[in-house]
Amino acid sequence: MHRLASAAASPLVALLAASCSKKEDAAGLAPAASALAVSKTDSASTAWHYMIDPASRTHVDMPGVKEHIKGDTAAAAGTLDVMAHDLAQSRGLVRIDLSTFATHTFGTNDDATQTEHALTWLEVSVGDKTREEMRWADFAIRAVTPNVSDLTKIEPVKDGADDVRKVTMTVHGDVLVHGHRVEKDGVVDVAFRYPSGAAPDSRPAKIQIQSKEPMHLVLKELDVRPRDPAGQLLDWTTKLISKVAETADVTVDLVAIPAPATAAQ
């Protein structure tokens, strides 16, 4: 009788466990959002307006139990408003094109399959179509803490034919991935590049932004879970749990160039 009771109880226990898991997943989700409001500097008329070079890249590390997934994106967009005399007032929106994400975990044809799975879980790709509402990972800069406030007071260093002024910043803002918004900080090294001999208060020809520390994202908060090619949720399996990471560490390698006059208005 004890064995029969245990056998009968097992499906019930499984159902209860699944129900609890779903409740925990729902509780752990970050707030839903379809877009991020762009923060504007208080002195937009005196800001330097820049646009993110479309060829900017990001790198993603997802360390799992059995696999350490590595991937990159190859396209970006967005704008930056830079306040030279008070860098803390700078603002912007950086957009990462997730449709260009590709893994290079194995160095074999398995990377193509893994890339397809990643884009499916993110719902960037459903069937053979790209979902525009899931395509972009956005970071809206709400505040900046630089190690030097006034860019024009920094002594430049020579790098080839350029004069370079370097600043380390902590940028505070909102991240939007897969329809969910989380608050995040990122620490970046920023290199403002000028032609040799340019005046300290002149506009840089290019701005390079590289992560000093990875930005840590929890995939569960962003509802990144197993899905089939049609976008339907799948059950976790022991095999998947052992291979898939719970977090993603993101580093950026961005370039910003002066925005055209029409784009800056």
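Residues are numbered from 1 along each chain as its sequence is written, and side-chain values use heavy atoms, with hydrogens and water left out. Because the model is predicted, local features need pLDDT of at least 70 and side-chain atom pairs count only at pLDDT 80 or more, while totals for chains, interfaces and linings use all residues.

**View 1. Arg193 pairs with Asp159.** The closest N and O atoms of this salt bridge (a side-chain nitrogen of Lys or Arg within 4 Å of a carboxyl oxygen of Asp or Glu) are 2.9 Å apart. Arg193 lies in strand β12 (residues 180–195) and Asp159 in strand β10 (residues 157–159), so the pair links parts 34 residues apart in sequence; strands are DSSP runs of E, at least two residues, numbered from the N terminus. Arg193 is buried, with a relative accessible area of 12%, whereas Asp159 is partly exposed at 39% (buried means under 20%, exposed over 50%, partly exposed in between, with a 1.4 Å probe and protein chains only).

**View 2. Asp162 also forms a salt bridge with Arg193.** Here the closest N and O atoms are 3.0 Å apart. Asp162 belongs to strand β11 (residues 162–177) and Arg193 to strand β12, so this pair ties together parts 31 residues apart in sequence. Asp162 is partly exposed, at 24% relative accessibility.

**View 3. A salt-bridge network joins six named residues: Glu123, Arg131, Glu133, Asp223, Arg225 and Arg227.** Salt bridges that share partners make these residues into one network. A search of the whole structure finds 14 salt bridges.

How values were computed:
Helices (H or I, at least four residues) and strands (E, at least two) are DSSP runs, numbered from the N terminus.
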